[in-house]
Amino acid sequence: MTKRILQWWQSGIIYHIYPRSFQDGNGDGIGDLTGIISRLDYLSHTLGIDALWLSPIYPSPMADFGYDIADYRDVDPIFGALDTFDLLVREAHQRNLKVIIDYVPNHTSDQHKWFGESRSSRTAAKRNWYVWADPQEDGTPPNNWLSVFGGPAWSWDAATEQYYLHSFLSSMPDLNWRNPAVQHAMFEVVRFWLDRGVDGLRIDTAHYIMKDHAMRDNPSNQIVHTTFHKSFGAYDTQLHLYDKGDADVHNVFRDLRHLLDSYGQEQPRIALGEIHIFDVPTWASYYGEQLDELHMPCNFGLLNTPWQAQAIRQAVDTLESTIPACAWPNYVLGNHDEHRIATRIGAAQARVGMLLLLTLRGTPTLYYGDELGMENVPIAPEHERDPWGIHMPGLGLGRDPERTPMQWEASPHAGFCHAEVAPWLPVAANATTMNVATQLEDPQSFLSLTRKLIDLRRSSLALSGGSYRALESTSTNCFVYMRETADERWIVALNTGTQDQILNVTCAGDASIILSTYLDRQEHVDLATLALRGNEGGLIQLT
Ligand code: GLC
């Protein structure tokens, strides 16, 4: 129940924009920075978020839609130019919005000039900027490592007769972070963006950058899948002990933190890391032993948890009890790599999910469109764009369905782009009714729920920064927890089932339900006989 002053990245809400799909500003059917600038008032005033995180906007051949970067210090013309970016930062800051950019350190595009130099000859000055290795005696790749996107993680370079490593597409060669020159160059990239006013980095596949020094084979994976995360096909046949997450990675993140901290503590520049590790202690080690590494490794735990009250409680309690004292939690329910939450758990439970996300202790990351309950848009195989889905068909790995255009209004293409141009991915069929404009008019809409919750969170120290503790109740279908400071107490009660529940919550106090996920209820309640309808979550204030 201690009162602490929280920093912006702790009390704030991060909104994740997939730039290709947010708003087209130049009439080519692809979202861009001008488009984002035109929607900043929506983000700051209508919605009330605090920071935006942009998926990559750098020059790129777009083999992986921008995660294959050809130049770390520029903006792809599809999205704008450096001065459009500067304008975006200025306009965002004027509205008290922070700007977080995607930083992709593990790999470049094969079109990056560094790789061109590196592959030019075995003696090239930049040869060791990437991971090159000789074949085994029989000509096969140096070890058994696999690419996440299918096939071996090694491709043969006929000209120089060596293999190069790529954890993803063969057109995305991995940088060699064991080379100090690479570290230096990549830290200069960080400075380049921080000097332009960027407030933080979301580090792509952060733990991939350090591999086993000896490049040992991965052992095979005998563990039957017990998680609910997607299957990665052949990639899951190995235990990925050696192809990522080597302990040396922590030195890099300590150095990076040092660099970020050198920009001052008043408005700290932050690092979020995409760390897809489901062993919580290992994942938590990325905060750093002295909290001197990432401000927050992104927490994907809830994506891997079945949507059942007790499983969710366990995931939250495990996190709370595992992270180092003073480390700040965060939660993710959706992003550009995961099927839409409303599709995964259903539209009704997605509202319960929003209540959870916005009332847990920790920074919420909200994926664009989830504030409306946007759903996956089915994409016919012949229209598929995502390389993951295309290279590994039949596993449901394609990510186009969760990357479709933002649904702004009932007009053609939902206001995402001009009526006459085709958007790069189809707009959802339900966009005529499920869109920002329509939902703003409806006091019970998903967007109204999200806005109310953001308002409540912003106006309550207990909800944004208070302590968390799970409460016992008599229903296993419900997850109940307390958020509190010395002056305020809130109970959140979530029914993850479809049946009505009466629960006895062991807690003293005069209780009023302030918000139901149905947005139809504000009344005194008796905690000994608290009634929740199926698919209902309640936010209850104690006085
Ligand atoms: C991360 C990104 C994903 C991308 C991959 C390769 O997982 O979130 O979209 O495809 O890295 O860069």
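T359 touches L453, R457, L463, Y481, R483, V492 and L539, leaving aside residues up to four places away in sequence, where contact means heavy atoms within 4.5 Å. The model is predicted, and local features need pLDDT of at least 70, side-chain atom pairs count only at pLDDT 80 or more, and totals for chains, interfaces and linings use all residues. Residues are numbered from 1 along each chain as its sequence is written, and side-chain values use heavy atoms, without hydrogens and water.

T359 belongs to helix α11 (residues 347-359); helices are DSSP runs of H or I with at least four residues, numbered from the N terminus. T359 counts as buried because its relative accessibility is 1%, the limit being under 20% relative accessible area with a 1.4 Å probe and protein chains only. Its side chain reaches the backbone oxygen of L355 at 2.6 Å.

The largest nonpolar core contains 134 residues, and Y15, L43 and F85 have the most contacts inside it. Such a core is a set of buried Ala, Val, Leu, Ile, Met, Phe, Trp, Tyr and Cys residues joined through side-chain atoms within 4.5 Å. Helix α6 (residues 180-195) supplies the largest share of this core, 9 residues. Apart from this core lies another, of 17 residues, including A511, L527, L530 and L542.

The ligand is surrounded by 14 residues, of which D64, D204, E274, H336 and D337 are the closest; the criterion is a heavy atom within 4 Å. A polar side-chain atom of H107 lies 2.9 Å from a ligand oxygen atom.

Definitions and conventions: Helices (H or I, at least four residues) and strands (E, at least two) are DSSP runs, numbered from the N terminus. Buried means under 20% relative accessible area, exposed over 50%, partly exposed in between (1.4 Å probe, protein chains only). A polar contact is a pair of N or O atoms within 3.5 Å; within protein, one must be able to donate a hydrogen and the other to accept it, and residues adjacent in sequence count only if both atoms are side-chain atoms.
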